[in-house]
Amino acid sequence: MVCLGVVTAAHGVRGEVRIRTFTARPEDLVAYGDLCDEQGEQPLAVQPTGCVRGAVTARIRGVDDRNAAERLRGRKLCVPRSALPEPEPDEYYHADLIGLRAELIDGSGGPEPVPLGPVTAVDDFGAGPVLEIAVDGGPPAMVPFTRAVVPWVDVNAGRIGIVAVPGLLGRADEEKAQGKPRHSPAAGRP
Amino acid sequence: MPRSVWKGPFVDGFLLQKADKVRSSKRNEVIRTWSRRSTILPQFVGLTFGVYNGRKFIPVLVTENMIGHKFGEFSPTRTFFGHGGDKKARRG
């Protein structure tokens, strides 16, 4: 299931709710069919009525007063992943990338890949998409989502290849990639 | 008040030296920097910088339309929580 929004508050006294959307365009909240909860149950017929303070206001069928609307606060609005259209080549949904197992590879296609950790987030701070990887036993690594650094993505196999570019990962991760043991404070300074 | 034009854009000297070194070596390398205040210059285009945000280094692949901005603008210091929703990422 892909979460497209969450009910943040009741709006007015006639049963409208305020929804924080996670879609690229707020109006796409209802573009993929009926919204349901995280288990794919309890479908809700949501009809947007406007925008307020960056959120979408909407009317939900069967919710006619403020008390009923307030009971929905915190409710996640999801659609099945299959409801989203197929992306273009070299385009990936954030929902597909999150959870892939990153593997550190040699750019020259040399030794076998070293497991790094799962992709936990995809951010874009204005300089292109960046993958956040929770490195096993180390600080999180931020990796630019470019062909030079991420030469292959295998969504079906749940794997993604990361080229070990100097300076990309923390010192501990680079040591891990080279097969060196991590320095422990108990062992004294090297 | 904006910076005086006669001074030229501000950039830390050590960052300029690092960038020149990587550019001349033609190696694919991330230049780690803490200098969020430095202006992005035309000679940085195509290089990747790791800009520190107080916690981690955010990779910034410099493109032409970033020239004149500061490195810190591309490395936010506050955490944003959200869901991917239907957002897509295109591989650059």
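Which strand of chain B is joined to S6(A), and how many bridges link the two? In this predicted model, the partner is strand S4 of chain B, residues 88-90, which runs antiparallel to S6(A) and is joined to it by 3 bridges. Within this pairing, A:Tyr93 is placed opposite B:Lys88 of S4(B). A salt bridge links the two chains as well: B:Arg90 pairs with A:Glu91, with 3.4 Å between the closest N and O atoms. Because B:Arg90 belongs to strand S4 of chain B and A:Glu91 to strand S6 of chain A, this pair joins two chains.

The interface as a whole involves 45 residues of chain A, which are in contact with 28 residues of chain B. The area buried between chain A and chain B is about 3,100 Å², of which 56% lies on carbon and sulfur atoms. Three residues, A:Phe22, A:Phe125 and A:Ala127, account for 18% of the area that chain A buries against chain B, more than any other three residues.

The rule finds 5 salt bridges between chain A and chain B. One of the pairs is A:Glu132 with B:Lys56, where the closest N and O atoms are 3.2 Å apart. Over all chains, the structure holds 17 salt bridges. Residue pairs in polar contact between chain A and chain B number 11, counted with both residues at pLDDT 80 or more. On the side of chain A that touches chain B, at least two residues each come from strand S1 (2-11), strand S6 (91-93), helix H2 (94-97), strand S9 (129-133) and strand S10 (141-144). By residue class, this side of chain A consists of 31 nonpolar, 6 polar and 8 charged residues.

Chain A is assigned two domains, domain 1 covering 2-83 and domain 2 covering 94-180. A distance of 34 Å separates the C-alpha centres of domain 1 and domain 2 of chain A.

Strand pairing within chain A includes a hairpin of S3(A) and S4(A), with 2 residues between the strands. Strand S3 (residues 46-52) and strand S4 (residues 55-60) of chain A run antiparallel and are joined by 6 bridges. A:Pro48 has A:Ala58 in S4(A) as its bridge partner.

Strand S8 (residues 114-124) of chain A is antiparallel to S9(A), and 5 bridges join the two. In this pair, A:Val119 stands opposite A:Ile133 of S9(A). Both S9 and S10 of chain A also supply at least two residues each to the side that touches chain B.

The secondary structure of chain B comprises 1 helix and 4 strands, arranged along the sequence in the pattern α-β-β-β-β. Taken along the principal axes, the C-alpha atoms of chain B fill a box of roughly 45 × 40 × 25 Å.

Terms used. Residues are numbered from 1 along each chain as its sequence is written. Chains are lettered from A and ligands numbered from 1 in the order in which they are written. This is a predicted model: local features need pLDDT of at least 70, side-chain atom pairs count only at pLDDT 80 or more; totals for chains, interfaces and linings use all residues. Side-chain values use heavy atoms; hydrogens and water are left out. Contact means heavy atoms within 4.5 Å. Buried area is the accessible area (1.4 Å probe) that two parts lose on being put together, summed over both. A salt bridge is a side-chain nitrogen of Lys or Arg within 4 Å of a carboxyl oxygen of Asp or Glu. A polar contact is a pair of N or O atoms within 3.5 Å; within protein, one must be able to donate a hydrogen and the other to accept it, and residues adjacent in sequence count only if both atoms are side-chain atoms. Ala, Val, Leu, Ile, Met, Phe, Trp, Tyr, Cys and Pro count as nonpolar, Asp, Glu, Lys and Arg as charged, and the others, Gly among them, as polar. Two strands pair if DSSP finds at least two bridges between them. Domain bounds come from an automatic or database domain assignment.
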